[in-house]
There are 2 protein chains.
Amino acid sequence: MPPDALRRLAHRRSFLRLAAGAAGGVGLAATARATGAVGPLEVPQWSRTPGAPVASPAYGQPSLFERLGRRPRTPPHFPGAASTGTPLQHLHGIITPNGLHFERHHAGVPAIEPDRHRLAIHGLVERPLVLTLNDLLRMPAVSRIHFLECSGNTPWLGAKPSWTLQESHGLLSCSEWTGVELSTLLDEVGVKPGAAWILAEGADASGMSRSLPLDLARDGAILAYAQNGERLRPEQGYPLRLFVPGVEGNLSVKWLRRLKVGDQPFQTREETAKYTDLMPDGTARQFTFVMEAKSVITTPSGGERLGEPGFREIRGLAWTGRGRIARVEVSTDGGARWQAATLEGPVLPRCLTRFRLPWRWEGGPAQLLSRATDETGYVQPDRAALVAVRGTQSFYHNNATFGWQVAADGGVSHAG
Amino acid sequence: MPPDALRRLAHRRSFLRLAAGAAGGVGLAATARATGAVGPLEVPQWSRTPGAPVASPAYGQPSLFERLGRRPRTPPHFPGAASTGTPLQHLHGIITPNGLHFERHHAGVPAIEPDRHRLAIHGLVERPLVLTLNDLLRMPAVSRIHFLECSGNTPWLGAKPSWTLQESHGLLSCSEWTGVELSTLLDEVGVKPGAAWILAEGADASGMSRSLPLDLARDGAILAYAQNGERLRPEQGYPLRLFVPGVEGNLSVKWLRRLKVGDQPFQTREETAKYTDLMPDGTARQFTFVMEAKSVITTPSGGERLGEPGFREIRGLAWTGRGRIARVEVSTDGGARWQAATLEGPVLPRCLTRFRLPWRWEGGPAQLLSRATDETGYVQPDRAALVAVRGTQSFYHNNATFGWQVAADGGVSHAG
């Protein structure tokens, strides 16, 4: 805890004694028996008999007492053409376990045989190549921790008080990605003069494809084959995906089979019919790559019900596609006053950053908000400021501040 | 790649053209058909029909083409009293997926009901407490990425040429750990004058317990309830473990139920009968906490067989309990010459650090070694230097340099 936060709590002697629900002090045996809790003098069954053997299964699973899962955002039009969100309200730190990384597919998850899969690179290059996975595994690798966010995360319209964080912000995850830098491969094949854009195409049945500018391709993009230590999961592009840090998730084309270098954008359907926004003046806002600074409070959040008043920690996540998060401020009164939150280090570029603020809930209503500033000085806007520029016909890139209303009875819902 | 490494390879025009096994160039269709690979003009079945739906299952699993698992080190004397190793030779980056984190249990994995579990803290404290999980979840939290290594990782005696990395170094993993700093709880209960040691006791049937000095307890130890974002796995101490960074893994007592503050070490069986080493002069080397600087090459490693000669990257892991890794050197000739490897950032304290060195295997024999230096200036010793001080009756804390012999036929085995 930062010294100033400790000072703010200085007249309160203890985190736990103020938490009326906490089992403070000893002499708890009677309460324990009444609630089914293990009392200080009781030896529970699990301490009396040996537990389960090791390595069963060899690839481990979560506790049966934890039942986290991804959930479809909306009913899919077609099996496999949908998205599922990460249950961020139940997660800690910055790493998303691979089993809970959000999904967005356009034609389901293909079952690609890795030994038969190839990556072709052609177009405006000196030496077109077709690569195997083993070729890529031998090349110089990098590993970096980055967030991935769908540009459609947090709908522009239709906000519901009942939203959980999984529903409002769940198309956001963060992993350590390993693979070959795209710039290494571009140097290998030799980019011809005039080259300016690259088409990336997936091997799924939708042939999902996007154009990315050459500058962006050379700014840390990775031909990724591993995620959080192990090979990619099928729903994350196994055996190979493009990973482009800091920009809308759809550029990180999964099941990557082809890269074509050209002199202009390829204008695929994913950049005309989708992933482009209609502005109030009737123009199209196209190739809106960067994910601008954004933050959200994860604890407490929608659907939660606070118990007894007392100390608790406000926690959240902040991120920006423009480098590092510089500052996060938190308000508990709907934006009238703001306090600086503590950022958990290391604060990495184009990565989730965890923030925390000590808070004592007095039992009355409160409106919680967070606001991120990145190292370029960009400040996360509120919704009114965002709508003033982009109107209400937008679908993508809603990075507005996001409020949780705490009711007097402790119920938490989305408002503001 | 660092500029100097690129310079070393400067007279070689390409990573891939030198890899005779690489599918360089176009016109590959005939080869593709012969090998079952997908040719440039072929549209594979998985690109023609929609794939599997999203969120099935809601908690995802690895690809069926990847069959990594933990394996028991030695046949257990008793079900559940054994260890299983992480398959480090198949992993990338620094994060270990939770499903592959190594295990070491003394009486199996207890099935603890989280709502009934309690943590008691007593002894030389002003205000003894019994805490629920919910109490801890409300307190100020931290999240940090740290390695965890069993002090019995890498046996002193009985090295086998056939060792895989999972067998020689698999009791090593690395995760983002989240929980309450032990120092926060110690401040909460008020440590009495004279207090110097803390007993940590697990709720498993073995009542696994260790003593740790108060200074160590205040040096970043965490009452951890989450690992890589999600709640602890059962085999990692669900619902609560002590996590003490930088020291031998057994101090990070799983299924933590009790902390007792005292004025001297508690001399549990785990610090008399175990986790203590017999020195050549007959004395006992006891309370050997810190894991000293160590490194190992993960690619190529034991059991692998290199294919055709050509470019490949030597990769490995380095770690130290004394802060950050400062330097890793790699030798390909058994230690005659050493080259500086590139460290993948961020280089975090008491965390795995990934290192890399470009290498061209010429097809002849080679002996690969790595040597880590930490920020205190401590240099990883070779085995002879370690044995000169500690003798051969030791069992724990073997951090010697570790060699892989590449035979002329490309086979890789442990030697030196």
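Predicted model: local features only at pLDDT ≥ 70, side-chain atom pairs only at ≥ 80, totals over all residues.
View 1. Leu343(B) belongs to strand β20 of chain B, which covers residues 342–343. Leu343(B) is classed as partly exposed because its relative accessibility is 23%, a value between the limits of 20% and 50%.

View 2. Ser151(B) is found in the loop that joins β6 (142–149) to α4 (165–169) of chain B. Is this residue buried or exposed, given the relative accessible area of Ser151(B)? Ser151(B) has a relative accessible area of 1% and is therefore buried, the limit being under 20%. Apart from neighbours within four places in sequence, the residues in contact with Ser151(B) are Glu248(B), Gly249(B), Asn250(B), Tyr275(B), Met291(B), Phe395(B), Tyr396(B) and His397(B).

**View 3. An open five-stranded sheet of chain B.** The strands of this sheet run in the order β5-β4-β13-β8-β9 in chain B, and their pairing is mixed. At the edges are β5 (129–131) and β9 (209–213) of chain B, each of which pairs on one side only. Neighbouring strands of the sheet are turned against each other by 15° on average, with direction ignored.

**View 4. The pairing of β4 with β13 in chain B.** Strand β4 of chain B spans residues 119–123, strand β13 of chain B spans residues 256–262, and the two pair in the parallel sense over four bridges. In general, strands of a sheet pair through backbone hydrogen bonds, either parallel or antiparallel. Opposite Gly123(B) stands Val261(B), a residue of β13(B).

**View 5. The relation between chain A and chain B.** Chain A is superposed on chain B by a rotation of 180° with 0.0 Å of shift along the axis, at an RMSD of 0.0 Å. This is the relation of a two-fold axis. Which C-alpha of chain A is nearest the axis? In chain A, that of Pro97(A) is nearest, 3.7 Å from the axis. Both copies use the same surface: 100% of the contact residues of chain A recur in chain B.

How values were computed: Residues numbered from 1 in each chain as written. Chains lettered and ligands numbered in written order. Heavy atoms only, no water. Pairing = 2+ DSSP bridges. Axes fitted to C-alpha atoms, helices over the stretch in contact; angles between N-to-C directions. Least-squares fit on C-alpha atoms with pLDDT ≥ 70 in both. Contact = heavy atoms within 4.5 Å. Buried < 20%, exposed > 50% of the residue type's maximum accessible area, 1.4 Å probe, protein only.
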